[in-house]
Structures are given as structure tokens and as C-alpha cells.
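User: I've got a model open and I'd like to learn how to read it. Can you walk me through a few features?

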Amino acid sequence: MLYNISKIILSLFFHSYIRLKVVGHRNIPDSGGVILAPNHISYLDPILIALAVKRRVYSMAKEELFKNTFSRFVMINLNAFPVRRGRLDRYTLNRSLAVLHHGNVLNVFPEGTISLSGNTLEGKQGVAWLVLKTNVPVVPVKIIGSDRLLPDGKAFPKMGRASVIFGKPINIDSKDHKHREKRRIITHTIMEEIERLK
């Protein structure tokens, strides 16, 4: 209930304040567990993903976003949960696995941090680890323009446009490789597919 209400309120705001273009939303499976793997260029990105997807989305978000009262309220009501970067976070891993095992949509930023330059950074292997544990498809996502709407250091977005582009689902079979090599191949493939989206 709170998720739907929050999404409606944010949709009304974004419709009048920010023009959001969504491309390829039919590439997201209608049911079953799936990982969305977007590039990350702004604090707005988790909200844009939630608004662009018809299914309920669960998102990993850095724990700093849960320290501010307002952003914590928004994040929690959009099914986001905190991730502690730079250390093994068993709560986040177990929560992520539960989301996927229950057939839901999980949004994970494979770069692990915001790219201040706007260029795609090297992907971390967290998404690959989840794929190997759950065998779910990965949908690469390209976000464009959110860095101009909410530049680093700003608290409130500017008026403007942003795009969210969903690529074709990726199903990777790398069973002939060692486990570490599997993660490297999956990560490289995901980042390549994100780069191809325009």
C-alpha cells in the first residue's frame, strides 16, 4: 500500500517537474525473479527505476541515504534497503537472495557507487554473485540525464528530462569456467550491454 502511494505521489511530481522517458520496459519479464543492472550517475536513480518499472521493485541503496529523515522515508517506502559498501554485508546479501527467490525484481547498481564523471565505471562482482546463486536473468539498464537533474552536492532536483532504457534480458551460461572466472565473465558482459544502450 505505502509503496503504491509513494509511487503515485512521486509520479505526479515527476510528471509535472521532470519529463521521464522510458524505453524497452517490455524487456522486463512479467513474472519471476529478475535483476535490473543500471549505470549509476545520480542519487535520483533508484527513484527513476521504481517509476519506470510497472512491477514492484526492491533496490539496494547505500546506507548514507537512510540517515536523512526525508530520504530515509522515501527509500523505505520504495522498498529500498541499505547496503554497507566496502565490507561483507550478510544482511544485504540474504535480503537480496530472498527478494529474488520470491520471484521479485531487484535493482542493483553494479558499479557500486555514483560515477561523478557520468562515464560507466568498472563493474563490481556482486550482481554476478547473485546470478550464480539464483540463476535469474539480468536486464541491463542505461540511465541518461539524472546527473544533470540532481548534480552531486545538490539537495533538490532541477527541472529537465531523463531517460531510462531497458535492454534485453541476459542469460549467461559459463558452466565450463571456474567460479571466479564465471563472475568475471558475467560482470564484463553486463557492463558491455549497459554501454551499448543508447
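This is a predicted model: local features need pLDDT of at least 70, side-chain atom pairs count only at pLDDT 80 or more; totals for chains, interfaces and linings use all residues.

User: Is Ser42 buried or exposed?

Analyst: Look at relative accessibility: buried means under 20%. Ser42 comes in at 2%, so it counts as buried.

User: Which residues does Ser42 touch, leaving out those up to four places away in sequence?

Analyst: Those are Ile114, Ser146, Asp147 and Leu150.

User: Now the helices. At what angle do helix 1 and helix 2 pack?

Analyst: For a packing angle, 65 to 115 degrees counts as roughly perpendicular. Helix 1 (residues 2-17) packs on helix 2 at about 105 degrees, and the axes are 10 Å apart. That makes the two helices roughly perpendicular.

User: Which residues meet there?

Analyst: From helix 1, it's Tyr3, Lys7, Leu10, Ser11 and Phe14; they meet Ile47, Leu48, Ala50 and Leu51 of helix 2. Sorted by class, that contact has 7 nonpolar, 1 polar and 1 charged residues.

User: And which residues of helix 3 are buried?

Analyst: In helix 3 (residues 69-77), they are Ser71, Val74, Met75 and Asn77. Their cover includes helix 1, helix 2, strand 3 (57-62) and strand 4 (80-83).

User: What about the backbone after helix 3?

Analyst: Check phi there: Asn79, which follows helix 3, has a positive value, near 60 degrees.

Methods:
Residues are numbered from 1 along each chain as its sequence is written. Side-chain values use heavy atoms; hydrogens and water are left out. Buried means under 20% relative accessible area, exposed over 50%, partly exposed in between (1.4 Å probe, protein chains only). Contact means heavy atoms within 4.5 Å. Axes are lines fitted to C-alpha atoms, for helices over the stretch in contact, and angles run from 0 to 180 degrees between N-to-C directions. Helices (H or I, at least four residues) and strands (E, at least two) are DSSP runs, numbered from the N terminus. Angles under 35 degrees count as roughly parallel, over 145 as roughly antiparallel, 65 to 115 as roughly perpendicular and the rest as oblique. Ala, Val, Leu, Ile, Met, Phe, Trp, Tyr, Cys and Pro count as nonpolar, Asp, Glu, Lys and Arg as charged, and the others, Gly among them, as polar.
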